[in-house]
Amino acid sequence: MLQEIVQSMLTPINLIMMNIGLAAGIIIGALPGLNVIFAIAVLLPFTFDLDSLAGMYLLLGAYCGATYGGSISAILINTPGTPSACATMFDGYPLAQKGRAGDALRAALVGSTFGGILSCFALMFFAPMIAKIALKITSPEYFALCVFGLTAVIGLSEKNVIKGLLMGMFGLFLSTVGIDSQEGVQRFMFGNMQLLGGFKVAVVMLGAFALSEVISKSREVYRGETGNANIAKFGKSTIKLKDILKYWKTMIKSSLFGIIIGAIPGTGGAITAMFSYNEARRSSKNPEKFGNGSIEGVLAPETGNNAVTGATLIPLLTLGIPGDACVAVLLGALTMQGITPGISLFSSNSIWVYAIMGGLLLINVFMLLQGHLFIRGFVNIIKVPVIIMLPCIVVLCSVGSFAISNVMFDVFVMAAFGLIGYAAKKLDFPIAPLPIGLVLGNLTETNLRRSLMISGGNPLIFFTRPISAVILAVSFISLLMPYIRKMIDKKKAAKAQAQV
Amino acid sequence: MEIKKVRQDIVVMAFIMIVSALFYTYFIPSQIRLSSAWSGNTSFSSRTFPYVLAAGMFIVSSIGFLKALISYIKLKKTAETVKTNAQEKTGQKILEKAMPFIIYALIIVYIILFNKIGFILSTLILTPLMMFLLRCRNWRYYLYVYAFEAVVYVIFIAVFKIPLP
């Protein structure tokens, strides 16, 4: 079996796709304002005609690459390329100002690779175990898990929980368009037969994440606000590997944070990076160096945020539940390839699933190589004017959405979601719950329907079964989390004021 | 600025309330015809899930509406009475504000032309127009974009064998 897995992984096309995905991901991640979801959404059209493994390698490469790429602009221009690189800025930029940008970039690369590889091992170890447990999960628990997947992402919307909830419901609503798979009834088709199969996740993603970015960036470009004037000078790296690896404890700790936090739906790299940074500072022998250019301060968040990449695939591959919007796009790509993630993947198609895990490991190794060999080239990417990128994205989105089924209707749908995505941004609606709702919609409805059929229409079934009741309670708490946090902060502030 | 945002929220939440109510009362019954084989046999039909969602959206948007309304009243009370000078609206500023919509309109024109005159011609015409509107005056940038588009074309036509219009 091992031989078969290795053989399926190491074909020339797979290796090429891993590297193309990585390079594209690093480039997109390095560009401020373009995030990991954007990288995956833009590369999605290229996977339609690829074999499922090659397609997934391309997207996984982009996922890992963009997560690491965010550190490049954080270090050189004090602007995180992706939200997960925010904490990297605290020490990366001060290091760059001291002429040690090369050292900071190398530390980020080593940390990212280390975290990514450890995360892969966690995926290999835990996924089959969880898949076995998942076999015992029945419809009410599955429904509760779907609700948790959605609420966890919404709970992250901080002050916009209501808007996040509305976006999530909108996503679920969109999933009902087309033929109802259970009864064969047409829903919300408004006489348009193109909607028979419902909205395609890839089309919605391209519009809501990529095209909306073009629309919102156009104003900045027109104002001439896109030049990165304060790029720190790229000093060659002089730091030795052993000087980085002496912080092995921080790297292992950050990786563990990444794995644990990443496996929980709705979390993600940004939280992990911040958590890892704070913990590294707290436990450091030289906490005063943090914030003034500490290598450890770059290593901790970068290790943590890349350690999320493998862990987020655990709920995806075992339960079919995406942990965040990036993984929701991956789920969309898988569905288009005819692959249904979940327990069945481990029983019926185990070579494929282990090839994915092995491929992820290889991608991290390639990331180290690419980062080492081409870092100067990637640094120059930051200088690419956004004005060049905007028309390229429009063309890619149009061609990409057309290529899905060779129909113009999809291109118009993509354009419509571009406007919806832009409006959502302008009105402070988080976009991430939309794809999660869209991809979870069918699973949620099917399990809700099955559960109610079992109980004869009694919704109490979700609360009388202990596992589903606990999951639903956690979902409810995660929704209230921003409010609870706000109350705690208020109390703390009042206490501090009283003491003064 | 804050008060403007809150006002915006009131309008958006009211809009969502109206749309979800419309879906609940009109669109769901008219757009989902119940299957005769299933209706009556189960407590869950094809309409149930959309009904739950429409009701949920109505409730959540109502909460959002009330929250925004309360914030608006509070802000109105505390708002300074001194009026600041209205920002001068020059032609340039108006154009800047309208730019996202101009670009979006251009994208729609591109998609229509994409269907009517094909990928090559529409791309040759529309992308430089977009760059020109965004005040790009460096001719090299136009060449870079054309080069990228050529690569995309070759990949989709020659490698993926997708017949673009």
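**Entry 1: loop residues with positive phi**

I began with Asn406(A), which is partly exposed at a relative accessible area of 34%. Here buried means under 20% relative accessible area, exposed means over 50%, and partly exposed lies in between, with a 1.4 Å probe and protein chains only. The model is predicted, so I note that local features need pLDDT of at least 70, that side-chain atom pairs count only at pLDDT 80 or more, and that totals for chains, interfaces and linings use all residues. Residues are numbered from 1 along each chain as its sequence is written, chains are lettered from A and ligands numbered from 1 in the order in which they are written, and side-chain values use heavy atoms, with hydrogens and water left out.

The phi of Asn406(A) is positive, about 55°, although the residue is not a glycine. I placed Asn406(A) in the loop between α18 (386-405) and α19 (408-426) of chain A. Helices (H or I, at least four residues) and strands (E, at least two) are DSSP runs numbered from the N terminus.

I then looked up Phe190(A), also not a glycine, and found a positive phi of about 45°. Phe190(A) sits in the loop between β2 (186-187) and α9 (201-223) of chain A. With a relative accessible area of 47%, Phe190(A) is partly exposed.

**Entry 2: nonpolar cores**

I looked up the nonpolar cores, meaning sets of buried Ala, Val, Leu, Ile, Met, Phe, Trp, Tyr and Cys residues joined through side-chain atoms within 4.5 Å. The largest one has 201 residues, and Ile72(A) and Trp352(A) have the most contacts inside it. Helix α4 (residues 52-77) of chain A gives the most to this core, 16 residues. There is a second, separate core of six residues, and Ala87(A), Ala280(A), Phe290(A) and Ala300(A) are among them.

Which residues does Ile72(A) contact, leaving aside its neighbours within four places in sequence? I listed Ile26(A), Ala30(A), Leu105(A), Ile375(A), Phe378(A), Val379(A) and Ile382(A). Contact means heavy atoms within 4.5 Å.

**Entry 3: helix pairs in chain A**

Two packed helices are described by the angle between their axes and the distance between the axes. Axes are lines fitted to C-alpha atoms, for helices over the stretch in contact, and angles run from 0 to 180 degrees between N-to-C directions.

I took helix α8 (residues 161-174) of chain A and helix α22 (residues 466-499) of chain A, which pack at an angle of about 160° with axes 10 Å apart. α8(A) and α22(A) are therefore roughly antiparallel. Angles under 35 degrees count as roughly parallel, over 145 as roughly antiparallel, 65 to 115 as roughly perpendicular and the rest as oblique. Val161(A), Ile162(A) and Leu165(A) in α8(A) meet Leu479(A), Pro482(A) and Tyr483(A) in α22(A). The residues of this contact are six nonpolar, no polar and no charged. Ala, Val, Leu, Ile, Met, Phe, Trp, Tyr, Cys and Pro count as nonpolar, Asp, Glu, Lys and Arg as charged, and the others, Gly among them, as polar.

I next took helix α3 (residues 36-43) of chain A and helix α15 (residues 325-336) of chain A, whose axes come within 8 Å and cross at roughly 15°. α3(A) and α15(A) are therefore roughly parallel to each other. On the α3(A) side I listed Val36(A), Ile37(A), Ile40(A) and Ala41(A), and on the α15(A) side Ala325(A), Cys326(A), Val329(A) and Leu330(A). The residues of this contact are eight nonpolar, no polar and no charged.

**Entry 4: Ser255(A)**

Ser255(A) lies in helix α11 (residues 248-263) of chain A. Its relative accessibility is 0%, so Ser255(A) counts as buried. Not counting residues up to four places away in sequence, Ser255(A) touches Phe114(A), Gly115(A), Leu118(A), Thr303(A) and Ala307(A).

**Entry 5: chain B**

I counted five helices and zero strands in chain B. Of its 165 residues, 35% count as buried.

The axes of helix α3 (residues 91-116) of chain B and helix α4 (residues 119-133) of chain B come within 9 Å and cross at roughly 170°. α3(B) and α4(B) are therefore roughly antiparallel to each other. The residues of their contact divide into 14 nonpolar, two polar and no charged.

Leaving aside neighbours within four places in sequence, I found Thr127(B) in contact with Pro391(A), Val395(A), Ser122(B), Val145(B), Tyr146(B) and Glu149(B). Thr127(B) and Tyr142(B) are 15 residues apart in sequence and 8.5 Å apart in space, C-alpha to C-alpha.
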